[in-house]
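Colleague: Walk me through this model, please. I will keep asking what each label rests on.

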Amino acid sequence: MAGGNERSMKALKEVWRRAENSLCADCGKPDPDWASSTLGVFICLSCSGIHRNIPSISKVKSLKMDHWDDAQVQFLAKHGNAVTKATYEAHIPIFYYQPTYNDCQVLREQWIRAKYERKEFTEPGKQLPYSDGVKEGILWKRGRDSGQFLPRKFLLSEREGCLKYFTKQDAKEPKINVKIDVINATFQPVKIGNPNGLQITYLKDNKTRNIFVYHESGKEVVDWFNAIRSVQFHYLKVAFPTASDNEIKNRLTRNFLKEGYMEKTGPKQREAFKKRWFTLDHRRLMYFKDPLDAYAKGEVFVGSRENGYSVQKGLPSGTQGNFSWHYGLTIVTPDREYLFTCETEADQLDWIAAFTSVINQAMTPQEYASKCPEPVSF
């Protein structure tokens, strides 16, 4: 009996060590130590919890702590991540967002359910609820002034190339009508206070406008997210006919590079530093009095190093403004310096790394054209 167990464990470790199984099959996290005995995939602890919620599809076991019999090990050896992905990920639309281990729970759960439970990607040309160019439904939207979430009708149209929302079900005219090419969408469960919270942003008069929404159904809110990406993808295919699919894919919705509180001072650099919420959305650095504000109090464009932009650790000597946080950083632009302080050294280093990653990238012609004004009030 002991010999059989040793033989099974040795065979299990050999399958586990295959290069194809070195990353979680669902989120890409390194060194997965769980597996599904019914699907044949190697997964991380976090994804195993999602699999456990669909027991009719997936039975999960620890590779370190649970017993695996010979038949189960042979099943893993026959399948593994590469074979299983070839079946369940055979026909993923180019625009569909495939989450990583850094993404929120609702994105990862719906990705796993889409693959194994709903089998959305096993057949070519399958009709999907986010791929037909139009989506209409109710989302709970946060009021700009009241802060209350109220049901609002949203309409997404590929033919019109826009997203609309209506304050009333029978309203003929939308409250907003936004072109699809100026929209971004990113999941913000912590900031919104809802596990299905989605932040939609768009440019209006070269200023960023935020809309915060959620839906009770995780599937529905992720379908909305991928429908936005689908409409954007087809719009950009027409606008940039020579661009490759991957080039267009990289221009779809994006996560913010960094968000969090810092203190800031004014342009004279003698005012007291004030605590504000900052969002770095690629080259747009915005600050808000409250994380759920509809509009930023100020925005600044973060250009490239060859255009005279840099980030420096610390504040200039002789800085006069009063500040309560002592981990400073300075953004240098061709026109002026912007001074900030962070609560911890870890925050300071994270912000510096985020700014450095942007500044080290060469600017595109589109970024030159869309360079936002630097308000003196920042």
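Modeller: One definition to begin: a helix here is a DSSP run of H or I with at least four residues, numbered from the N terminus. Keep in mind that this is a predicted model. Helix α3 is followed by G80, whose phi is positive, near 80 degrees.

Colleague: What makes D69 a cap of helix α3?

Modeller: A polar contact needs N or O atoms within 3.5 Å. A side-chain oxygen of D69 lies 3.2 Å from the backbone nitrogen of A71. Helix α3 covers residues 70-78, and D69 caps its N-terminal end.

Colleague: How many helices and strands does the protein have?

Modeller: The protein has 10 helices and 17 strands. The C-alpha trace spans about 80 × 55 × 45 Å along its principal axes. Of the 378 residues, 50% are buried.

Colleague: Why is S36 called buried?

Modeller: Buried means under 20% relative accessible area. S36 has 0%, so S36 is buried. S36 sits in strand β1, residues 34-36.

Colleague: What does S36 touch, leaving out residues up to four places away in sequence?

Modeller: S36 touches V41, H51, S58, K59, V60 and L76 on that count. The side chain of S36 also reaches the backbone nitrogen of L39 at 3.1 Å. The limit for a polar contact is 3.5 Å.

Colleague: Why is D31 called exposed?

Modeller: Exposed means over 50% relative accessible area. D31 has 65%, so D31 is exposed. D31 is placed in the loop between α1 (2-16) and β1. The phi of D31 is positive, about 60 degrees, although D31 is not a glycine.

Colleague: Why is K119 called partly exposed?

Modeller: K119 has a relative accessible area of 41%, so K119 is partly exposed. K119 lies in the loop between α5 (105-117) and β4 (134-142). K119 is not a glycine, yet its phi is positive, about 50 degrees.

Colleague: And what makes P241 exposed?

Modeller: The cut-off is over 50%. P241 has a relative accessible area of 61%, so P241 is exposed. P241 is found in the loop between α7 (218-239) and α8 (245-249). From P241 to G314 is 73 residues in sequence and 46 Å in space, C-alpha to C-alpha.

Colleague: Now the domains. Where are their bounds?

Modeller: The domain assignment gives domain 1 (1-117), domain 2 (134-249) and domain 3 (258-371). The C-alpha centres of domain 1 and domain 2 lie 33 Å apart.

Colleague: How do you know that domain 1 and domain 2 are in contact?

Modeller: Contact means heavy atoms within 4.5 Å. By that rule, 8 residues of domain 1 are in contact with 17 residues of domain 2. The two domains bury about 1100 Å² between them, 73% of it on carbon and sulfur atoms. I94, F95 and V106 supply 54% of the area that domain 1 buries against domain 2, more than any other three residues.

Colleague: How many salt bridges cross the interface of domain 1 and domain 2?

Modeller: The rule finds 0 salt bridges there. For polar contact, the rule finds 2 residue pairs across this interface, both at pLDDT 80 or more. The residues on the side of domain 1 that touches domain 2 divide into 7 nonpolar, 1 polar and no charged.

Key: Residues numbered from 1 in each chain as written. Predicted model: local features only at pLDDT ≥ 70, side-chain atom pairs only at ≥ 80, totals over all residues. Heavy atoms only, no water. Domains from an automatic or database assignment. Buried area = accessible area lost by both parts, 1.4 Å probe. Salt bridge = Lys/Arg side-chain N within 4 Å of Asp/Glu carboxyl O. Polar contact = N/O pair within 3.5 Å; in protein donor to acceptor, adjacent residues only side chain to side chain. Nonpolar A, V, L, I, M, F, W, Y, C, P; charged D, E, K, R; others polar. Helix = DSSP H or I, 4+ residues; strand = E, 2+ residues; numbered from the N terminus. Buried < 20%, exposed > 50% of the residue type's maximum accessible area, 1.4 Å probe, protein only.
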